[in-house]
Amino acid sequence: MGHVSVPSDELYKGAMATARPAESARALHRRGTMRRLMAHGGGRTGLIIVIAFATVAILAPLITPYAPDAVDLESWLTPPGLESNHLLGTDQLGRDILSRVIYGSRVSILVGLATICISSVVGVGLGMLAGYYGGVLDRLLARFTELLLAFPYLIFVIGIMAIMGPGFCNLVWALSFKGWVEFYRLARALTMAEKNREYVDAARALGRSNGAILLREILPNMANSILVLGTLRMGNMIVMESSLSFLGLGIPPRIPAWGSMIADGRRYMLGAWWVATLPGIALALLVLGMNLLGEGLRDVLDPKMMEG
Amino acid sequence: MAYPCAKESALLEVSGLYTVYPSARGMVQAVRNVSFAVSRGEIVGIVGESGCGKSALLLSIMGLLPSPGRIAQGQILFDGRNLVDLSEPAMRSVRGKEIAMVFQDPMTALNPAHRVGEQIAESLRVHGGVPELAAGDGGQARGAGGFIRRRLWKRGLSAVEERRYVIELMRNVGIPLPEHRHLEYPHQFSGGMQQRIMIAIALACRPKLLLADEPTTALDVTIQAQVLDLMEEINRITGTAIVLVTHDLAVAADFCDSIAVMYAGQIVERGPTDAVMEDPAHPYTRGLLRSMPVLGNRKPLQPITGEVPDLANLGPGCSFAPRCDLSEKVCLEEAPSVSAIGQGHEARCHLR
C-alpha cells in the first residue's frame, strides 16, 4: 500500500491511525487479509496457482492454439516439443493436448464451483437450522447424514451416475447429493457454539427475530470457517469429477475433461506418455493449489490473528 | 423532549410475579412473588447476590427466559400493556424499541463480526428507524416482509441520515472521533468504550425503559464511574427510566432513586434509596451494608455467613432465617409478609 506522509514523531502514530480517512479504513481491512495471505508461503503459492488456472480457463478460446476437438490424424501422437506446432503434443486422434488441457480446466473448475456452491448453501442452511432449533429436525437430519456418510463417497456417486447417466448437471447433482453433509456438520457445530454467545442474547433483546439472528448475527461469524472448508473441499470435488470422468461416468466423452483424457491416454502410456501424464499433472497442480490456498486461508482467517 | 417529566405514573409495574424453572430436582422458583414499580424517568436499583433471581427477573420482563423457564403467575404491566400476555411478534416490537437492555460484559455482547456503527444502525433498522427522525413505518414492519421493505424501499432512514444519526449517538455516549471509529470492530475498543457502544445500541430507538444487567461489573472501577455517570446523564436528559441490576449496594446507593433488595427470588426490602440506606429494615440489607468496605474504616468486614437456600426446595419459613442472627421460632415456621416501614418503604420480615 502507498504510504501517506506521516510525521516522523512516534507520538503522532496512534493519532494518525485513528484519524485515517473513513473509506481507506475499509480498504485497509480488506488489504490486511490479502496482505497476510500473501505473506503466508503456502497461501501465496496456492492463490497464484488457482488464479492462473482460473484465468486460463476463462480465456480458453483466446489462448488455445487449436480447437480442443479438432482431429488431425496425420499428426497423431506427436510428442511434446518446440519443433512441431503442438507444444504439449497430440493424442491418438491428433488433437492438441495443450488446448484440451486448457478446456479441461474449465470443466473441472465449473464442476467444482457449482458443486461447492450447491453443497454449501444446502449444508450451511440445514446445519444452521438444525444447530439453532435442535429438536425433531436436528434428529432427523442427524440420522439422514449418518446414512449418507455410511457409503464411501466415490462408490455412492458412481451409483448415482450409473442411474442418471453421464452429463454435466447430473454430475454436479450427484456430487452435491453427499457433498453438503460436511458443510452441514460444520455449520451445525458452529451454530450450536455461537447461539449461546451473549451477542445472540443481546440481539434478541433488541427485538431481532430468529431468522435475522441466524443470517445477520451468526452467519457472519462463521463465514471464515465455511470459506476455508469450501476451498479445501473444492480440491476434493475436482478429484472426484476427474475420477468419474476417468471411469466414463462423469462428463460425456465429447467434452474434454482431464479424467477422460487420462483414461484415453492410458493405452498409449508406454509409447506416448504425454497423453495421460500432462492432464494428470494439470489436475495434481490445481488440486495442490486449492489445498494450499485453503490451508493458507485457514491460517490467515484465524480470528485470533484479526487485527482490523 | 418527548417524555413528560411526570414521575407519578408508573411505567413498569410488576406484580405478584413468579418465574419457575422445571428441573430434575423439582420446580426451581427463581422469582417468587415479586412486585415493584418503575415510574417514568426513575432509576431503580435491584440489589442482591448472585443466584438471587435478579437476572431471571430481568429476562422475565424482556420475555427472554431461556426455555424450560417460564412465568408461572403474575403480571408485568408496561405502559398499559401486560407483557406476560403479549405474543412473540408483539413482544419483539417492544424489545429494543421500548425496553432496551445493556449487558454485563460488552466484550461478548457485541457481535465481533460487525463494525460498531453497523451494529448501532442495525438496532435502528430492526424497528424501522426513529419515529422522531423520519416518517418511516414506525416499527410496524416486522419479519421477512418488513426486512425486504426496509431494504428495498428504503423506508426509515436513508443511508446518509442513518450514518449521521449513528455518529451523533456515538458522540453523545462519549466516544471520541466517532466519524472514524464507527467503522471499527468491537475488539478495537477498550472495555469502557465497548460498554458505551452497548449503551448507544440500547438508546438508538429511544426506549422508555433501559434494563441494565450489572453494566459495570466487567469494567475497571474508574471506568465504572464514567459509565454510571453516562447513564445518569442519559436519564436526566432523555427521561429514560432505568432499572439497574447490581450486586454492589454502593453503586445502587449512589445512582438510584429507589432500591429493591432481592434474596432467594424475593424482594425482601424496597424503598427510596435514602430510607433504605439510613434505616435498613431487613437483616439481609443490614448484612449487605456491614459487608461493604468503607474507605478509612479499618474495622474488619462482617460477612453474611451461610449459603443461599436451594430454590427448588424451600422450607416453610423465611428464606433468610437460617443465615439470620436475629431469627426466632416464628421465622423458621412461617413465611413473613410485607410490612410497611415508612413512606414507600417496606420489608418482608417478621421482626418489624
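Reader: Which residues of helix 12 of chain B are buried?

Author: Buried means under 20% relative accessible area (1.4 Å probe, protein chains only). In helix 12 (residues 283–290) of chain B, the buried residues are P283(B), Y284(B), T285(B), G287(B) and L288(B). Helices (H or I, at least four residues) and strands (E, at least two) are DSSP runs, numbered from the N terminus. Keep in mind that this is a predicted model, where local features need pLDDT of at least 70 and side-chain atom pairs count only at pLDDT 80 or more, while totals for chains, interfaces and linings use all residues. Residues are numbered from 1 along each chain as its sequence is written, chains are lettered from A, and side-chain values use heavy atoms, with hydrogens and water left out.

Reader: What covers the buried residues of helix 12 of chain B?

Author: Look for contact, meaning heavy atoms within 4.5 Å. The cover includes strand 3 (43–47), strand 9 (258–263), strand 10 (266–272), helix 10 (249–255) and helix 11 (273–278) of chain B.

Reader: How is chain B divided into domains?

Author: Domain bounds come from an automatic or database domain assignment. Here, domain 1 takes in 9–98 + 209–302, and domain 2 is 105–206.

Reader: How many residues of domain 1 of chain B are in contact with domain 2 of chain B?

Author: There are 16, and they meet 16 residues of domain 2 of chain B.

Reader: How many salt bridges are counted between domain 1 of chain B and domain 2 of chain B?

Author: A salt bridge is a side-chain nitrogen of Lys or Arg within 4 Å of a carboxyl oxygen of Asp or Glu. Between these two domains of chain B the count is 0. On the domain 1 side, helix 2 (88–94) and helix 9 (221–238) of chain B each give two or more residues. Helix 9 of chain B has the largest share, 6 residues.

Conventions: Buried < 20%, exposed > 50% of the residue type's maximum accessible area, 1.4 Å probe, protein only.
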